[in-house]
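Thanks, everyone. Let me put the model up, and then we go through it piece by piece.

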Amino acid sequence: MTTERVSPVSRVDGEVMVPGDKSISHRALLLGALARGRTYIGNASPAADVLSTAACLRACGVWVRDFPPARYALDGAGVGVSLRSPEAVLDCGNSGTTMRLLAGVLAGTECVAILDGDASLRRRPMRRVVDPLRAMGAAIDASPEGTAPLRVQGRRTLQSVTWQSPVPSAQVKSAILLAGLSADGPTTVIEPAMTRDHTERLLAMCGVTVESHGPQVTIHPGQLEPFGLRVPGDLSSAAFFLALAASRPGWRVRCPGVGVNPGRTGILDVLEAMGAAVGLDGGDPAGGVEPVADIEVCGAQLHGVTIAGSLTVRCIDELPVIAVLASQAHGVTEIRDAGELRNKETDRIAMLETGLRLLGVPCESTADALTITGPVPLRAARLDAAGDHRFAMAWAIAGALVPAGGGATVIDGADAAAVSYPGFFSDLASLLRS
Ligand code: S3P
């Protein structure tokens, strides 16, 4: 475990090429493994989570070759037959996406596998994928608490289902859609709110028939064509720098080539609603599968906002840094409908309440909401990332926002940033001006 010290910043101005998108990289690896033939992936995420997906696929006998820093080639044999039973437990590390999506893939094979992860992943709810995959005919067990380790015994042909998911979750939706490739008919998932549709876009790119109507998506079973894909930059990684730039008039950050999937752009809507200037150059898929844009954010005097409903879903991973930013905005920021934050790598509502209070920020929480009142001159503090990558980075942004002369903020467990963004601290340093 490493500790980082972040000192107050006098100005932020510059450009960062953030690494490839983590969500898309997981999916590209999984679909490349299922397609018949050779797939090439460029600008893949260097996240430890994505390495977990690649390692699990290899453990299931898939030929996955990496060309560091960011390229992969994979050979797949086809849906239902590319993977074989691993000899050892599949270690999903810290990655919920690896565990849930891989469970969906394995459900449609004749493999027997045990999926496990670190202490954080073992705490996270898995019934949300166990129930639909069981309904489709896979034998799948979790612990009595509904958590990992998961034991999956798949079936080459599953039953098609129409599944009403109680939670908006792209991981749950994706697990069901991936299992649906092996079903005996079309499989439909209906969500309470629309979530990121990376899986649907990539499946369509591979020649699978996918019908989307808002929060309802149907997939037709079938084989996948191999592909070549350049993964766009990760908006969830750029979010930390964009939020920092937003916080003060005269500060600016530009991130070129970032994915702007509509299921992910809530952070841009929030920054704009708070008063920052958000410029987008591009944003059209232009023949690609995912929209990509150069994003520039210029700071302003911010004001508090309400984040609720589908907007909460569209910025779910960015809420820690948004909450930090809210401490610099005039008035009250309310984050509502955010109960899912308690099911992430940590209980992110509890983490925010503890950390923000140490920073001197008034905040209140309920089961599914957080209220922050600003603006507050932050107090340098010693903060714990608690193994959660988003906090290793959100607390760094807080440290940068401490007024000049306020001393360094100490972040314990800062190495957790590598779960999604190994180069975060050096990229942050590159933006700081005197
Ligand atoms: C993800 C979906 C979201 C998100 C996670 C990545 C994905 O999780 O928070 O970081 O890649 O599908 P849920 O599906 O649990 O909402």
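Start with Cys60. Cys60 counts as buried, because its relative accessibility is 0%. This is a predicted model, so please hear every value as computed from that prediction. Where does Cys60 sit? In the loop between helix H2 (48-59) and strand S4 (63-67). Setting aside neighbours within four places in sequence, Cys60 is in contact with Ser82, Leu83, Arg84, Pro86, Leu90 and Leu106. For a sense of distance, take Arg123. Cys60 and Arg123 are 63 residues apart in sequence, and 25 Å apart in space, C-alpha to C-alpha.

Now the sheet that S4 belongs to. This open sheet has four strands, in the order S4-S5-S3-S14, and the pairing is mixed. S4 and strand S14 (228-230) are the edge strands, each pairing on one side only. On average, neighbouring strands here are turned by 15° against each other, direction ignored. Look at S4 with strand S5 (residues 71-76). Those two pair in the antiparallel sense, over five bridges. Within that pair, Arg65 stands opposite Ala73 in S5. H2 packs on the sheet and touches S4 and S5. The direction of H2 makes about 145° with that of S4. Helix H1 (residues 22-34) lies across strand S3 (37-42), S4, S5 and S14. H1 runs at about 30° to S5.

Next, the five-stranded sheet. This one is open as well, with the order S16-S17-S15-S2-S24 and mixed pairing. Its edge strands are strand S16 (277-282) and strand S24 (432-433), and each pairs on one side only. S16 pairs with strand S17 (residues 292-298) in the antiparallel sense, over six bridges. There, Val278 has Val297 in S17 as its bridge partner. Which helix lies across strand S2 (11-15), S15 and S17? Helix H7 (residues 235-246), running at about 160° to S15.

Stay with S15 for a moment. Thr265 is in the loop between strand S15 (252-259) and helix H8 (266-274). Is Thr265 buried or exposed? Buried, because its relative accessibility is 12% and the cut-off for buried is under 20%. Leaving out neighbours within four places in sequence, Thr265 is in contact with Leu235, Val260 and Arg314.

On to the cores. The largest nonpolar core has 79 residues. Leu242 and Phe424 have the most contacts inside it. Neighbours within four places aside, Phe424 is in contact with Phe240, Phe241, Met393, Ala396, Ile397 and Ala417. Apart from that core lies another, of 68 residues, with Ala28, Val161, Ala179 and Leu181 among them.

Last stop, strand S9 (residues 150-153). One face of S9 is covered, with Leu150 and Val152. What does S9 pair with? Strand S7 (residues 112-116) is joined to S9 by four bridges, and the two run antiparallel. Strand S8 (residues 139-141) also pairs with S9 in the antiparallel sense, over three bridges. Keep an eye on Gln153 in S9. Val112 stands opposite Gln153, and Ala139 stands opposite Gln153 too.

That is my tour. Happy to take questions.

Conventions
Residues are numbered from 1 along each chain as its sequence is written. This is a predicted model: local features need pLDDT of at least 70, side-chain atom pairs count only at pLDDT 80 or more; totals for chains, interfaces and linings use all residues. Side-chain values use heavy atoms; hydrogens and water are left out. Buried means under 20% relative accessible area, exposed over 50%, partly exposed in between (1.4 Å probe, protein chains only). Contact means heavy atoms within 4.5 Å. Two strands pair if DSSP finds at least two bridges between them. Axes are lines fitted to C-alpha atoms, for helices over the stretch in contact, and angles run from 0 to 180 degrees between N-to-C directions. A nonpolar core is a set of buried Ala, Val, Leu, Ile, Met, Phe, Trp, Tyr and Cys residues joined through side-chain atoms within 4.5 Å.
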